[in-house]
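Trainee: I'd like to go through this one with you and ask where the labels come from. Can we take it term by term?

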Amino acid sequence: MVDFTLTDEQKNLRELAHDFAEKEIRPVAWEYDRDGTWPQEILQKAWDLGLMNTHIPEEYGGPGIAHLDGCLIEEELSWGCSGIQTSIGCNALATAPVVLGGSEEVKRKYLGALTEELKLMSFCLTEPDAGSDVSGMRTTAVKRGDKYLINGSKCFITNGGYADYYTVYAKTDKDAGHRGISAFVVERDWGVVVDKKEDKLGQRASNTATVSFNDVEVPAENLLGEENKGFKLAMTTLDHTRPGVAAMATGIARAAFEFASDYAKERVQFGVPIAMHQAVQFMIADMATAIEAARLLTWKSATMLDNGERNTLVSSHAKRFAADTAMEVTTNAVQVYGGYGFIKDYPVEKLFRDAKIMQLYEGTSQIQRLVIARETLAPRRTQQPAAATAAA
Ligand code: COS
């Protein structure tokens, strides 16, 4: 049976997130964007309300909510401001490899720490010369007795400047390509250096930094999963988190659609509101259809995870389609506003800038198409259960 009806509990969760977005995020979003303000107070409120770390299992202090329920929250908070939501949601990306691959002790220590008080964890995969091509990374982790020595630099790290902990991917076998990568939890105090805060086009309230590791000593027990199995851990992590990114993209698109619809009903040209002109109506109609389709794909990709199914293909469908929808809808929202849409005094200009990153982070739209093509042409992978693949 397929049923798109949310339970009362899910509706309440969505309402909670929407209220938070409306009262705490929206009133400051455009100002924070302009100034590039780090939203510490909002993060604290989100943490207090239980809107952070929502996927941490109950045994480690989190609520352990379903992926679908997480997407409901992510769409609403992103409707408020996707930059602030990126800061709020970053722990979900960084903790996913811990949940999937960490030992019992590592999970207790770090997942427990994040749920005891507001702490941040960053996901460190990308490097200056290794973006889409993950296995091209140069950061190394060399085993010395009961420790690993990590050396290298990671870029575009969300929350990197403020994180307490980092999930770091590094080469443990330089000659083994993707089969020579391992993942570790690294504490900031062990010598992580924050080199640079990026000045970005959009999502300006989120922090994006370069972080470096110069002979950083990491206890061997902080290895996540098995040595040299980090690539698959990263891929499985992205399968788990791309539905959330798709939900965020849907939230941006919905915000732009609402602004454009309201404006079209108010703005009078040729003697009638521009919403009366078919050219504008068709743009509004296409926005509405695309948002609906993006949400359905998002929900499907999350529900597959909740059902324990491998969702690689559908999470790439969802992420690709929702990200491209966010870009298209925000572009057309600017078009509906005409010249005013190009001006910072009007809300859609920010949404247009924010939307762009959705086509870039957690795998570009081109990488999603690559995954879709591979999964479609060789569907073998989609039939493997997620847990078995992560351990394989
Ligand atoms: N789940 C589990 N295993 C997976 C997997 C998945 N979703 N995708 C690939 N694998 C496995 C493959 O089965 C293969 O296994 P074997 O070693 O047993 O052969 C291995 O991983 C390598 O896969 P593949 O050959 O497809 O790797 P590529 O180097 O071609 O890379 C892409 C594949 C491009 C899809 C991957 O590098 C990617 O997702 N890049 C984008 C990274 C990204 O999103 N960066 C953003 C940073 S996070 S903000």
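Trainee: How many salt bridges does a search of the whole structure find?

Mentor: The search finds 22. A salt bridge here is a side-chain nitrogen of Lys or Arg within 4 Å of a carboxyl oxygen of Asp or Glu. Keep in mind that this is a predicted model, where local features need pLDDT of at least 70, side-chain atom pairs count only at pLDDT 80 or more, and totals for chains, interfaces and linings use all residues. Residues are numbered from 1 along each chain as its sequence is written, and side-chain values use heavy atoms, with hydrogens and water left out.

Trainee: What makes Asp239 and Arg310 a salt bridge?

Mentor: Their side chains come to 3.9 Å, N to O, and the cut-off is 4 Å, so the pair counts. Asp239 sits in helix H6, while Arg310 is in the loop between helix H7 (278-306) and helix H8 (312-337), 71 residues away, so the pair links distant parts of the chain. Helices are DSSP runs of H or I, at least four residues, numbered from the N terminus.

Trainee: Why is Asp239 called buried?

Mentor: Buried means under 20% relative accessible area, exposed over 50%, and partly exposed in between (1.4 Å probe, protein chains only). Asp239 has 9%, so it is buried. Arg310 is buried as well, at 13%.

Trainee: And Arg295 with Glu292, how far apart are the closest N and O atoms?

Mentor: They are 3.7 Å apart, in a salt bridge. The two residues are 3 apart in helix H7, so about one helical turn separates them. Glu292 has 45% and is therefore partly exposed, whereas Arg295 is buried at 17%.

Trainee: Why does Val2 count as exposed?

Mentor: Its relative accessibility is 66%, so Val2 is exposed. Val2 lies in the segment before helix H1 (8-35).
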